[in-house]
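User: I would like to learn how to read the features of a structure one at a time. Could we go through this one together, with the general idea given before the case wherever there is one?

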Amino acid sequence: MKRLLLFAFALSAWVSNAQGVIQGRVYDAGNNDPLAMAQISILNKDIKVATDFDGMYKIEGLEPGLYNVQAEIFGYRAKVEFEVQVTLARPAEVNFEMEPSENQIDEVTISTQTQFYKESQSPVSVQSIGLNEIQRNPGGNQDISRVIQSLPGVASSVAFRNDLIIRGGGPNENRFYLDGIEIPAINHFATQGSSGGPVGMINVNFIKDVDFYTSAFPAQRGNSLSSIMEINLKDGRTDGIGGIFQVGASDVGLTLEGPISENTTFLASARRSYLQFLFGVLELPFLPTYNDFQFKVKSKLSDKQQLTILGLGAIDQFSLNLDANETPSQRYILNYLPVNEQWNYSIGAKYTYYSSSSYTNVVLSRFMLNNVASKFENNDEDGRQLLDYQSQEIENKFRVEQVYRRSSWDGVFGAGFEEAKYNTSTLDLQIPNFALDYASDIHIYKWSLFGNYTKRLLNERLSISLGLRTDANTFSSTMNNPLNQLSPRVAASYYLTESWSIDANWGIYYQLPPYTTMGFRDGSGNLVNTELEYIKSTHYVLGSSKVFPFNAKLSLEGFYKDYEQYPFLYPDSISLANLGGDFGVVGNRRATSTSTGRAYGLELTWQQKLYKGWFGIAAFTLVRSEFAGNDGELIPTSWDNRFLASITAGKKFGDNWEIGIQYQFLGGTPYTPFDYAATANRMNWDNIGRAIPDYDLLNTQRLGNLNRLNVRLDRKWFFENFNLDVYLDAQNVLGASIEGQPFLTPQRDSNGDPIVDPNNNSQYLMTTLPNSTGTVVPSIGLIFEF
């Protein structure tokens, strides 16, 4: 720490005295026409400028730092862009997309209501966070999936995974979009059949802001039951080539951006981890390596036409460190972990055409995942193979949206078409009492229709949104009937005062079961799960929010989610709703669409945008998550935390120092105890290599609560041609831990071989190993922007 402080003070003497710039364009959201004479001001400062005939503006002479910038013009709703980072190395680009309004609101309203924008389709259950909130999140490690865990209703994993547990729903119930293009995989080492993983793929330096929906999903976004994450990317620089070189605790990356031509810009990045070297030094039994690549090209074809092309890809390798076998815990992990290689990519294009009163989006994209895993007995590749898994998922998508933005109403209407392929070759002997040995190849076509209409009434105090969507596919006659997947939704918002509103939503949402379940075949090669249906969830949400003039919002929401037609897996007799929070593959079993459940709770949130150097968010959630067991009785799911709390606060100090602190409380989740007799069985242990859950006692035990404290300290320098940010980020600084279910493993002799029970030749003698989760994870990073 002393060296970091000395380094900081030394650099302070070299800082330039140049001034920063904020510039951009103000335009009509419905037709892209420039808005002249719009007033652009910096909140809490006496700085104002007006846009020119082309809607352009420029604010000069600014000290480096964060500013809240507001745009307003007669006939449009005022809009605020929070925390605009001004530097000396480049102009800050801030464009304002203005929504038409019939009501010219007064100054008081502009300073409160408009600071927290409400999407017309989704007036409730939406949180928005900006780039600086993402980058400085304590413990977030600039990983968007981790940052989201500080929002209401979002539970994180005690094992430092990126699984998103939203309002008691499983991690397979979430969908992700980059600039309106669906990205099915956003995590490295993704769990196939779910959405989680240990490390995020998305480069946060591409991000402008994120809108996170936990209900009231837009009609044009389907196939989700718990959340939609809309990640809005920034455009590349127009003034010249620049970039960011970044070194963190686990990886190193480079981002470049700039103009390709007068009307075309680009962003491109590459990142590689060096965790394998650190884990080798620490003598951990596994060695992960990940690489990711991302790009975006945006071209202004004309004043009324735009084209965006983007891509995201990853190459992941997971090998075993066979030299790390000194302790019983190391040997236990080595005994069951497979070797895994995985790669995936998403690539897409969005063409936008603006007419005089609306605009059209045409979206084309492709996703492909390749997943290979293997395991040999005693990790000897010349020995018996216990796991030989190969699988691919391919999706080609096409979607058309027609969007209307009027002063008194909004509308979106469109259709989608998709080709999906899934294939696998599976040999898995690591399952008690039976084996998987099959090959499968399915090819289906999906289609969707959607529409939504929002009307504003009573001088814009009341808004009512009506939407309808349907999805279908060719997997079966049941799924191909669009009437079986009709998805109506209604949302309403009423302002009791200019800053206090009551909001509500009701909607029915459908999601396709995972391909791993749809493509499962028996030993004769027959598709088994042809009677599956779309998973159904009905949402009920009621809330109220109040906005304060000091950039803060207080909200209270109650929610209830009713689940039907969830896959119930055999022979384990467990709902798929309980799975997805571990590595590997989930869902590849015989299944019926008979599982039912519910999740309900209450959320209280305080969000403080930057005000006099302070910022933060506090979220408290009461939640229950229950699904029917084999006997039809509701029991807690694996995501039933009951109580969640996250308090994140920070302060900007003079000389560009910044500190952030985050406290997280995670209520203990249920778990299933091990089946002692089944685990001790010699054949089971020799094949599986790990303890076997007793699903007759599903989720009858519960882990302890976790209190976690994360801290981040930043020091920034702004030079004329580059910026430098040196940070210290410490996760779980108090070293809080949870004693998990002890590992159940055979006793071993002096040669390391399992000891057979002398009284029962079919079983091993067993013992337990401690299983504590939670360690301090400190990291020092450097961000060099040029």
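User: Where does Ala89 lie, and is Ala89 buried or exposed?

Analyst: In this predicted model, Ala89 is located in the loop that connects strand S6 (79-86) with strand S7 (92-93). Its relative accessibility is 16%, and because buried means under 20%, Ala89 counts as buried. The C-alpha atom of Ala89 is separated by 9.9 Å from that of Pro64, a residue 25 positions away along the chain.

User: How should I read a sheet, and what is the strand order in the open sheet of five strands?

Analyst: Strands of a sheet pair through backbone hydrogen bonds, and the pairing may be parallel or antiparallel. Here the open sheet of five strands has the order S9-S16-S17-S12-S13, and its pairing is mixed. Strand S9 (126-130) and strand S13 (181-182) stand at the edges with a single partner strand each, so one side of each has no neighbour in the sheet. S9 and strand S16 (residues 207-213) run antiparallel and are joined by five bridges, with Ile129 standing opposite Val210 in S16.

User: Which strands pair with strand S28, and how many of its residues are buried?

Analyst: Strand S27 (residues 436-457) is joined to S28 by twelve bridges in an antiparallel arrangement, and Phe450 stands opposite Arg469 in S28. These two strands, S27 and S28, form a hairpin with four residues between them, and Leu458 in the turn has a positive phi of about 55°. S28 also pairs with strand S29 (residues 487-495), again in the antiparallel sense, over eight bridges, and Ile464 stands opposite Ala492 in S29. Nine of the twelve residues of S28 (residues 462-473) are buried, so this strand is largely enclosed by the rest of the structure.

User: How is a pair of aromatic rings described, and what is the geometry of the pair formed by Phe189 and Phe318?

Analyst: A pair of aromatic rings is described by the distance of the centres together with the angle of the planes. The structure holds 30 aromatic pairs; in one of them, Phe189 and Phe318 are arranged edge-to-face, at 6.0 Å centre to centre and with 75° between the planes. Phe189 lies in the loop between strand S14 (187-188) and strand S15 (199-200), whereas Phe318 lies in strand S22 (residues 305-320), so the pair ties together parts that are 129 residues apart in sequence. Phe189 is buried, at a relative accessible area of 5%, and Phe318 also counts as buried, at 14%. Ring pairs link Phe189, Phe279, Phe286 and Phe318 into a cluster.

User: Which charged residues lie over the faces of Phe548 and Tyr336?

Analyst: Lys546 lies over the face of Phe548, at 5.6 Å from the ring centre, while Arg690 lies over the face of Tyr336, at 4.0 Å from the ring centre.

User: Which residues form the nonpolar patch on the surface, and which element gives the largest share?

Analyst: The patch is formed by Phe550, Leu554, Leu556, Leu602, Leu604, Trp606, Phe620, Leu622, Phe643, Ile647 and Tyr663, which together have about 850 Å² of accessible area. Strand S32 (552-570), strand S34 (590-611), strand S35 (614-628) and strand S37 (643-652) are the elements that give two or more residues to the patch, and the largest share, three residues, comes from S34. Leu602, found in strand S34, is partly exposed, with a relative accessible area of 39%.

Technical notes
Residues are numbered from 1 along each chain as its sequence is written. This is a predicted model: local features need pLDDT of at least 70, side-chain atom pairs count only at pLDDT 80 or more; totals for chains, interfaces and linings use all residues. Side-chain values use heavy atoms; hydrogens and water are left out. Patches are made of residues with over 30% relative accessible area and no salt bridge: like charges are joined within 9 Å, nonpolar side chains (Val, Leu, Ile, Met, Phe, Trp, Tyr) within 5 Å. Accessible areas come from the Shrake-Rupley method with a 1.4 Å probe; for residues, only the protein chains shown count as cover. A salt bridge is a side-chain nitrogen of Lys or Arg within 4 Å of a carboxyl oxygen of Asp or Glu. Buried means under 20% relative accessible area, exposed over 50%, partly exposed in between (1.4 Å probe, protein chains only). Rings of Phe, Tyr and Trp (its six-membered ring) pair if their centres lie within 6.5 Å; planes under 30 degrees apart count as stacked, over 60 as edge-to-face and the rest as tilted. A charge sits over a ring if NZ of Lys or CZ of Arg is within 6 Å of the ring centre and within 35 degrees of the ring normal. Two strands pair if DSSP finds at least two bridges between them.
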